[in-house]
Amino acid sequence: MPATPLLVIEGLCKSFFGVQVLFDVGLTLRPGEVLALVGENGSGKSTTMNILGGVHRPDRGRMTIDGTDYAPRGPRDAEARGIAFIHQELNLFRNLTIEENLFIGGFPRLARWLPLIDRRRVREHAAALLAAIDLDLAPNTPVSRLSQGERQLVEIAKALGGDARIVIFDEPTTSLTDRETQRLFAQIERLRDKGIGVIYISHILGDVMRLCDRVTVLRDGHVVGDAARADLTVDRLITLMVGRTIDQIYPPRAPAIRPGPPALEVRGLSQRGMVESLDFTVAQGEVVGVAGLMGAGRSEMARILFGLDPFERGTILVDGRPLERVTPLTAMDRGMAFLTEDRRAEGLLMEASIADNIALPSLPRFAAGVARLLERTRLGDAVERTGRDVQVNATDFAATLAKNLSGGNQQKVVIGKWLLRAPRLFILDEPTRGIDVGAKYEVYKIINQLAAAGTGVLMISSEIEELIGMCDRILVMAHGEIRAEIERAAFDREAILRAAMWDSVRHGAAA
Amino acid sequence: MSAVRIDARRGAQGVATVSWLRRLLLSEYLVLLLTIVFVLVMLPVAPELASLETWRDIIGAMMPLLIVATGQAFVLIVAGIDLSATSNLAISSVLAAAVMTLDGGPLAAAPAWLAIAAGILVFVAVGSGLGALNGACVTRLSMPPFIVTLTTMMFFSGLAIWITTLLTDDGSSIGNLPQGFAFLGQGRIAGLPFSLLIALAVCVVAHVVLSRTLFGRWLFAIGINPRAAEVSGVPVRRAVFFAYVICGLCAGMAAILYTARLETGTPVLGQRILLDVVGAAVIGGVSLFGGKGKVLWVVFGALFLTVVDKGLSLLGLSLASMFAIKGGAILAAAVIDAQRQRLLRA
């Protein structure tokens, strides 16, 4: 292996809004090497890669490529220095053909002075690039007709066409079939043979152990491990990834000692490609957590339960009675509430006031008579009370727009709008995402109060700490299935993560 | 906003101007102010603009427009649009006139009150029925409102002309309506034109529906963010559907006033106000982006357009130049709307 490193990152620090997310992160990539970057959600992988790609500027730290300084001011700089990203969500134009996608950054012209595309040269170059990645498709095939795996290969061809020297893969196999994955790995190995440096980001540790030469492990913005594959095992990797002390305080709560009757029962819930045969119960006054990696089907399950997405098979029972036609309206009629993970797009009317937002789901309860005239005084009082209960930090709820609030206060508004309906079952999808520690604590307190009052809570979170701190029981999902159900007494970070990475552990054991 | 005010107090001249301009742009009385300015500027060249007679004309022309534009506000608030409103008006006019006409109409032998009642029923039923058709296309088939109503505009308009040619010899209009019917468009109660009273009633009801009822609040929520509205349990499709029905219903009611004023049902009714319908609402400040609107604003917008129309015709301008100037005014309103959005976002 050549000794001169291709890319060196040293002492990278980065804060967002006063919260430091990277602490002296460093890594080294040599030519012809596949380096894996692993870590939990929020460990700093994406931030590091965004800095490398010129999306974010680091607060401190230095990067060099081939020994010369590299300080990108934008994605174009990264491209110019030969860095290519292959993202989870692919950046291809689905309405264009393969060849058009390959050359979208600059088509060859018929002549230097003539801004007409040289179709013949495009075709030839495209054919050559496709041959280089063993993709047996006509260059004029529309990208919309390609499978996910073929699109990934086209991205690689695009990177090759741009003379990339460093190729970064971000969770490339999550949507690929096994065969497509094999094909992708073969291509990555060819990139390595050509002397290109590859950074491979994945949660699937089995793949990492199979493909990569070296692994750098991130945890909470620190590099906690950097070793050759030969010195590592999947078990060791997991321990490196999770081994942290609990750094957050959760409000004390008397766990549901004797859980009440079931608030929610789910039997055999299935929707192809989303969730598979889900069976579980949430009792009144119980907080049930749902752990899992991104794409494990957790949010999909929540959306199905609330009637936002359809399902093919299964039964949903609320308070012992089955829901016939599941829509948000029928779900709400039975006392369900749903806090979505996408606060901006689905949780709030950003252009409306706090009061209007809190009132929205409860409006029918304040509408009287045939004309459904709103009882404005009663509604106003109730909204005001709820807003104060959840401690939204604003003086005038009717005049302050939701978009002008901090993330934490916005989330309190979303919680408040559901509390006004006094839900029997509250589904929370990432309730503390993107809010500060203080607001998190207040959200936890509200959840505890709800449970104490007999509401069943189903709480999805990517922060295992949070689930351990808050829940009576944790369901672990992977690939749309519930892979483990763990009682509070048996909570264990490693066990949860192991179940969430079930596939990779199995692959790892096989490798 | 507060930062601007502080700067203004410091005496920074430019900032004070910006703040003043900003307040004016965001004021809901901007259009009313512009109307007054227009009248004052026009008075020296067109003194008739001060006469009672002129204002009687203006009220007469404004009321039907106001009713259609009020209906239009409902669909604009859910970020939709109904370009077919004037064609809807034409069809309602023709069909209702065909029912009422004494020239061989089905009720020619019946008492006048019955014919008139049946006619009004047809106006209302056809108007809301065609609105429901638009609404069904938008909500059930998930088609873009612009395309739906652009095509139904052509469809309804063509249909109206075709029906007229089938029913009449010369194919232009259906006349000889019952005497009492004209009262709806031309009569007065206590000195006030009947059309004014009807329009007033429509506006008051629309205002209450939009600002005080569950349905109205739902419409605004949908206009701001349909996905968030759905997650909050708003029956988005049903509400949008009824917004289009109301828009059609208003077109049908406006058709009553137009038809009564002309005393004939004609398929070219409302062609001149094709753009005024959307224009009046938008000039008044109802946002094309949805989620923002008030009936009072529509009143101002309709008043502005009608006054400009009258003023220009008093000058003896040709129809073409009036179209150009009115088009410019609507364009300016759309520009101001976009600027308002930017100011509000800043």
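Student: How are H4(B) and H13(B) oriented to each other?

Tutor: This is a predicted model, in which local features need pLDDT of at least 70, side-chain atom pairs count only at pLDDT 80 or more, and totals for chains, interfaces and linings use all residues. Residues are numbered from 1 along each chain as its sequence is written, while chains are lettered from A and ligands numbered from 1 in the order in which they are written. Helices (H or I, at least four residues) and strands (E, at least two) are DSSP runs, numbered from the N terminus. Axes are lines fitted to C-alpha atoms, for helices over the stretch in contact, and angles run from 0 to 180 degrees between N-to-C directions. Angles under 35 degrees count as roughly parallel, over 145 as roughly antiparallel, 65 to 115 as roughly perpendicular and the rest as oblique. Helix H4 (residues 52–77) of chain B and helix H13 (residues 274–284) of chain B cross at roughly 70°, and their axes come within 8 Å. H4(B) and H13(B) are therefore roughly perpendicular to each other.

Student: Which residues in H4(B) and H13(B) meet?

Tutor: Residues are in contact if their C-beta atoms, placed from the backbone, lie within 7 Å. From H4(B), Leu65(B), Val68(B), Ala69(B), Gln72(B), Ala73(B) and Leu76(B) meet Asp276(B), Val277(B), Val278(B), Ala280(B) and Ala281(B) of H13(B). The residues of this contact between H4(B) and H13(B) are nine nonpolar, one polar and one charged. Here Ala, Val, Leu, Ile, Met, Phe, Trp, Tyr, Cys and Pro count as nonpolar, Asp, Glu, Lys and Arg as charged, and the others, Gly among them, as polar.

Student: What is the angle between H8 and H12 of chain B?

Tutor: Helix H8 (residues 179–186) of chain B packs on helix H12 (residues 236–262) of chain B at about 115°, with axes 7 Å apart. H8(B) and H12(B) are therefore roughly perpendicular to each other. Their contact divides into six nonpolar, two polar and one charged residues.

Student: How many residues of chain B are in contact with chain A?

Tutor: On chain B there are 16, in contact with 23 residues of chain A. H10(B) gives the largest share of the chain B side, five residues.

Student: What is the strand order of the open sheet in chain A?

Tutor: Strands of a sheet pair through backbone hydrogen bonds, either parallel or antiparallel. Two strands pair if DSSP finds at least two bridges between them. In chain A, four strands form an open sheet in the order S2-S1-S4-S5, with antiparallel pairing. Its edge strands, S2 (19–29) and S5 (68–69) of chain A, each pair on one side only. Five bridges join strand S1 (residues 7–16) of chain A to strand S4 (residues 60–65) of chain A. Glu10(A) has Arg62(A) as its bridge partner in S4(A).

Note on methods. Contact = placed C-beta atoms within 7 Å.
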